[in-house]
Every structure is written in structure tokens, then in C-alpha cells.
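My notes are below, in the order I took them.

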Amino acid sequence: MTDETLLSGRAAVVVGGSRGVGRAVADLLAACGAGVVVNGRDPDAVDGTVAAITGSGGRAVGVAGAANAEATATALMAACRDEYGSVDVLINCAGIAEPPGSSILSISGAQFQELLDAHLGTAFHTCRAAAPIMAEQRRGSIVNSGSVAFLGDYGGTGYPAGKGAINSLTLAMAAELAEHGVRANVVCPGAKTRLSTGADYEQHIRDLHARGLLDEFTMQASLDPAPTGYVAPLYTYLASDLASTVTGSVFLASGGFVGRFDRPAPAVLGYRDHHGSSPWSIAELHAMVTGS
């Protein structure tokens with residue numbers, strides 16, 4: 001099997017596929033033989049990506065619109081089935097940036113909701129539209145885009161909250177869909193895009209470093225991200241049958257680095273049998289939590 005035939009005969013929907021990481025993913029999926037449905041909010045950007053793919057001998061059609069709307073998500077899957085006969089791959093790469101200087105001290109309720117809708121809402125509606133089709137086919141791969149921002153190191157509110165929720169949604173889907181032959185994973189990409197360039201972004205990163213949230217290495221890496229082509233191969237691998245046993249994982253890809261987050265597990269601080277013991281006292285809890 002060569003890269004050119006890795007996804008031969010497969011049909012993929014790439015949400016946010018007209019720019020940035022999504023554009024690089026759509027290009028590579030098509031180069032590996034998949035038929036691609038390119039989605040984005042800007043019709044001109046969608047048309048430009050489709051023209052570039054088909055001009056290089058690939059297969060692509062475009063559907064413009066915000067995929068956090070149920071109607072758009074449904075239209076994407078319908079276009080994929082109409083054009084290619086199935087929906088084998090769903091990749092979510094859409095996203096918007098946190099407002100400059102945003103924090104829990106300043107963000108409005110409307111701004112917070114907009115960020116959740118753009119990230120978690122898009123993932124939910126597109127996965128909800130794709131999952132029944134894939135389950136009926138007994139095959140499919142979903143790859144959602146998260147962010148290391150879910151750890152809180154990059155500040156903000158709606159962006160890390162939405163990305164963290166995408167992780168949880170994806171892990172739940174992986175468990176639910178496994179019996180149907182459908183896989184679900186997350187990639188947290190680090191790459192040079194519209195969201196990671198410009199004076200506002202650079203100042204934000206330097207401010208985080210000055211506040212002690214980012215160390216020197218992370219600051220420098222954030223200020224000099226690799227091109228999107230460095231993260232697209234991981235999405236493509238997860239879309240392919242080579243990853244047939246890989247599901248329920250949260251990956252990180254940034255430049256020359258690829259990693260996988262360990263599944264969170266509790267560290268036991270203390271235990272007592274509630275059948276014969278009283279509840280923990282406040283003093284006992286303090287001693288356990290602080291190690292004093």
C-alpha cells in the first residue's frame with residue numbers, strides 16, 4: 001500500500017477544511033486517494049481549496065457554511081454520500097480564537113457561548129450527523145481537533161473549555177461506537193495558522209510567559225510554530241485502516257513532536273470503608289491533600 005492508495009475509495013468530510021490545518025488535511029487526504037468534502041464559512045476559500053485539489057488530480061467538492069448549525073452538518077454528510085456513496089471519515093478542524101486579553105474576569109456570556117458553539121457545538125453536530133451513517137456501514141473514523149489549551153496554560157475561558165469538552169465527547173463516542181466498528185480520536189495540533197500569527201497572538205504568548213503560565217521553551221515554540229503540513233499526516237493516519245485498532249486517544253502533534261496524553265486516572269489519597277467508618281474530618285482531608 002502506497003500513500004497514494006492509502007485512502008483509495010474512501011469518502012471524507014473535513015470541517016474547517018478551507019484554511020489552516022484543515023486545508024492541509026484535506027489536501028493530504030485527497031493525495032492519498034480519498035474523495036473529500038471541503039467545508040468552511042467563507043465560500044471563496046472553500047472554492048479555492050476545491051479548485052486546488054481537483055487541479056492536482058484529486059477529488060473534492062465544497063459545502064460552505066458554519067458547521068455548528070445542524071442543517072449544515074446534515075448537508076455535509078448528504079453531500080458526501082451523494083458524491084462518493086458513503087461517509088468513511090469525519091475530521092473537525094474548525095475553530096475561532098479567544099478574544100484578545102480574554103479571561104474569566106472580562107469575557108461576556110455571549111463571547112463564551114460563541115466559543116463553545118464554534119468548537120464543541122461544531123464537533124457535536126457533525127459527529128451526530130456522521131455517527132449513525134458510520135454505525136450502519138460498520139466502519140468509520142472520526143478525528144476531532146483539540147488543543148493543549150485545555151490544560152489552562154494558555155489562559156482564556158471558552159476556548160479551553162470547548163477543547164476540553166471535545167476531548168470528553170470524543171472519548172465517550174469512542175466507547176459507544178466501538179461495537180459498531182467506528183473509531184474516534186483527538187489531535188491537538190500545533191501549527192502556523194491565522195489563529196497562531198499576528199501581533200495580538202504574539203503579545204498574548206509573551207504576556208503568558210511574563211505571568212509565569214508558559215515556560216521559555218513553550219513560549220518560543222508557540223511563537224515559531226511549524227507549517228500545517230507537519231500535523232496533517234497524523235490526521236491522515238488516524239483516518240486510515242492502518243489505525244484500525246486506535247480509538248479513544250488524545251494525541252499531540254506540533255512540528256517534529258508527536259505525543260499521546262495518558263488517560264487520566266485518580267491517585268489515591270486515602271481510603272476507608274464507609275460501612276464501618278465515619279466520614280473524613282476536615283483536618284484529615286487537609287493532611288491527605290497537602291501531605292502534611
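These entries go through helices, cores, cavities and a few single residues.

**Entry 1: ground rules.** I am working with a predicted model, in which local features need pLDDT of at least 70, side-chain atom pairs count only at pLDDT 80 or more, and totals for chains, interfaces and linings use all residues. Residues are numbered from 1 along each chain as its sequence is written, and side-chain values use heavy atoms, with hydrogens and water left out.

**Entry 2: helix H1.** I took helices (H or I, at least four residues) and strands (E, at least two) as DSSP runs, numbered from the N terminus. For the expected span of a helix I used 1.5 Å times one less than its number of residues. H1 has 12 residues and reaches 17 Å from its first C-alpha to its last, close to the 16 Å expected. I then listed its buried residues (buried means under 20% relative accessible area, exposed over 50%, partly exposed in between, with a 1.4 Å probe and protein chains only). In H1 they are Val-21, Gly-22, Ala-24, Val-25, Ala-26, Leu-29 and Ala-30. Just after H1, I noted Gly-33 with a positive phi of about 105 degrees.

**Entry 3: the nonpolar cores.** Here a nonpolar core is a set of buried Ala, Val, Leu, Ile, Met, Phe, Trp, Tyr and Cys residues joined through side-chain atoms within 4.5 Å. I found 34 residues in the largest one, and those with the most contacts inside it are Val-25, Leu-29, Val-36, Ile-91, Tyr-235 and Leu-238. E1, H1, E2, H2, E4, H8 and E7 each supply at least two residues of this core. H1 gives the largest share, six residues. Another core, of 26 residues, lies apart from it, and includes Ala-11, Cys-80, Ala-129 and Ala-174.

Next I looked up what Tyr-235 touches, with contact meaning heavy atoms within 4.5 Å. Leaving aside neighbours within four places in sequence, Tyr-235 is in contact with Val-21, Val-25, Ile-91, Cys-93, Val-143, Ser-145, Val-187 and Pro-189.

**Entry 4: helix H5.** H5 runs over residues 158-177, and its 20 residues should span 28 Å; I found the end C-alpha atoms 27 Å apart, which agrees. Its buried residues include Gly-158, Tyr-159, Lys-163, Ile-166, Met-173 and Leu-177. The buried residues of H5 pack against helix H4 (109-137) and strands E5 (140-145), E6 (182-190) and E7 (250-254).

Met-173 is in helix H5, and at 9% relative accessibility it counts as buried. Beyond its neighbours within four places in sequence, I found Met-173 in contact with Cys-127, Ile-142, Asn-144 and Ala-184. Met-173 and Ile-142 are 31 residues apart in sequence, with their C-alpha atoms 9.3 Å apart in space.

**Entry 5: cavity and pocket.** I worked on a 1 Å grid over the protein atoms alone: a cavity is a set of points where a 1.4 Å probe fits but cannot get out, a pocket is an open set with protein on both sides within 12 Å along at least five of seven lines, and lining residues have an atom within 4 Å of a point. Grid points are joined across faces, edges and corners, and a volume is the space filled by probe spheres set on the points.

How many cavities of 30 Å³ or more are there? The count comes to one. The largest cavity has a volume of about 50 Å³. Its lining includes Asn-92, His-119, Asn-144, Lys-163 and Ile-166. H4, E5 and H5 are the elements that give two or more residues to that lining, and H4 has the largest share, four residues.

The second largest pocket holds about 230 Å³ of space. Of the 13 residues that line it, the closest to its centre are Val-250, Phe-261, Asp-262, Arg-263 and Pro-264. H5 supplies the largest share of this pocket's lining, three residues.

Entry 6: Val-50 sits in helix H2 and is buried, with a relative accessible area of 14%. Its contacts, leaving aside neighbours within four places in sequence, are Val-38, Ala-60, Val-61 and Gly-62.

Ala-75 lies in helix H3 (residues 70-84) and is partly exposed at 35% relative accessible area.

Last, I stopped at Arg-138, in the loop between H4 and E5. Most residues other than glycine have a negative phi. Phi of Arg-138 is positive, near 70 degrees.
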